Amino acid sequence: LKSPTGCPVSARAAAFDPFAPSYQQNPAEVVRWAREEEPVFYSPELGYWVVTRYEDVKAVFRDNLLFSPSVALEKITPATGEVMDILKSYGFAMNRTMVNEDEPDHMARRRLLMDAFMPERLMDYEQPIRDLARKYMDRFVDKGRADLVAEMFYEIPLTIALHFLGVPDEGAEQLRHFAVAHTLNTWGRPTAQEQLEIAHNVGRFWQTAQGILDTMMAKPDGEGWMYDSIRQHHAHPDIVTESYLRSMMMAILAAAHETTSNATANAFMTLLSHREAWEEICAQPALIPNAVEECLRVAGSIIAWRRMATRDTVVGGVEIPKGGKLLLFQASANADASHFEDPDRVDLHRENAVEHLTFGYGAHQCMGKNIGRMQMRIFLEEFVRRLPHIRLVEGQQFDFLSNTSFRGPSALWVQWDPLHNPERLAN
Ligand code: HEM
């Protein structure tokens, strides 16, 4: 086996399979060999160059002219003709959003659409998020057992995301189904047969998103980021194009909450399986903001992201030809011992935890990062106060959706003795 530049592919590079269960179970571990010995390798299975070290991943993120993000939402498993026909029958026309737009259009658009993400605007969400957290916890606090994903971590970020976007939340339950189809369609390796059903769901997702957008465009005076975007579209139609609005409406209906739900579940999974870390935030809640960063480092909800070389270049000493596609393995970069001391340790005092690459880096760095962080912080604050004695239900196997990029357990079962709830003991 040879790479496109004619170099032999090592046995381990040839065996790399991001759709095998081990990849999602422990993403940093499956490429430990690469971080140590072959930091940039060609994966014939993917047709991508996989970049595993911190400095290299960051350098590629940093230069979005040399490394175009245009491939970020491409189907990683090429569609069959039949799939294309199905998508076409739904009028599917997913194109550039923000995350896969090149310069100079990207930055012009990002500037026009940034206001809603400013810290002073986000402060308005603190109390509503806390109120929702309390309301959801009230439902199970006396039960002694809960699946935190199903009973809290999925719905609250979804509710907050819809509110932030200005989208009414009726019909929200079908979004989960759609988002799974979107993830598998874009980052998964479904069989030819599975692709057909997925394509129908992606088509329905597209149409639902267009219906929502049409309703909003007909009465564009509402509040929320998609309303801001519609108004900017009218003011600057060549920058905030209609194609952008249509593509973004669908993409953001998945991106704004799946990422946060998964990151929250990953954080609780990480802290509860490192009991000493959990006990530490219970004793010292002031550690929570840094604990959020440390969890995003060791168990981020986006574990790999894509770029394409716009000319011949070199990454980590390896030649990449023009048009070469790169899988930036953030989960591996975040576990790189040359940047994070003793990287396998969950260390809530780690001074550079915040330097993780889970939100990307540079011109495209996640615009919603502070919304995600705020929710994770508030959920942890409420749990350490009201349910510090929760434990993971023992022996549970965590289940992940097979795909290159989105990671979070489909369920997270915890249990506790309600008689020991601090609220009861206080009365
Ligand atoms: C971009 C991760 C939450 C909106 C991105 C990127 C990543 C990411 C990896 C690409 C960065 C790059 O190419 O350098 C995450 C994670 C989240 C999260 C891990 C939660 C823990 C959110 C939320 C929103 C959001 C809540 C919106 C409400 C965006 C947007 C972009 C983006 C608009 C495109 C930015 C650009 O290309 O200029 N995110 N995200 N994200 N994210 Fe997030």
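Where is the place of Cys-366?

Analyst: Cys-366 sits in the loop between α18 (330–333) and α19. Helices here are DSSP runs of H or I with at least four residues, strands are E runs of at least two, and both are numbered from the N terminus. This is a predicted model, in which local features need pLDDT of at least 70 and side-chain atom pairs count only at pLDDT 80 or more, while totals for chains, interfaces and linings use all residues. Residues are numbered from 1 along each chain as its sequence is written, and side-chain values use heavy atoms, with hydrogens and water left out.

Cys-366 (SG) is the only protein donor of the iron atom of the ligand, at 2.3 Å. Donors are N, O and S atoms within 2.8 Å of the metal (3.2 Å for Na, K and Ca); water is not among the atoms, so sites may look incomplete. Cys-366 is partly exposed, with a relative accessible area of 29%. Buried means under 20%, exposed over 50%, and partly exposed in between (1.4 Å probe, protein chains only). Cys-7 is also partly exposed, at 42%. The disulfide count comes to 0, where a disulfide is a pair of cysteine sulfur atoms within 2.5 Å.

α19 covers residues 369–386. Its 18 residues should span 26 Å at 1.5 Å a residue, and its end C-alpha atoms are 26 Å apart, which agrees. The expected span is 1.5 Å times one less than the number of residues. Of those 18 residues, 14 are buried, so α19 is largely enclosed by the rest of the structure.

Now the core. The largest nonpolar core has 97 residues. Such a core is a set of buried Ala, Val, Leu, Ile, Met, Phe, Trp, Tyr and Cys residues joined through side-chain atoms within 4.5 Å. Ile-281 and Phe-383 are among the members that touch the most others. Helix α15 (residues 242–273) gives the most to this core, with 15 residues. Ile-281 touches residues including Leu-380 and Val-384, leaving aside those up to four places away in sequence. Contact means heavy atoms within 4.5 Å.

Last, the strands around β8 (residues 325–328). Strands pair if DSSP finds at least two bridges between them. β2 (residues 48–51) runs parallel to β8, with 3 bridges. β5 (residues 305–309) runs antiparallel to β8, with 4 bridges. Leu-328 in β8 stands opposite Val-51 and opposite Trp-305.
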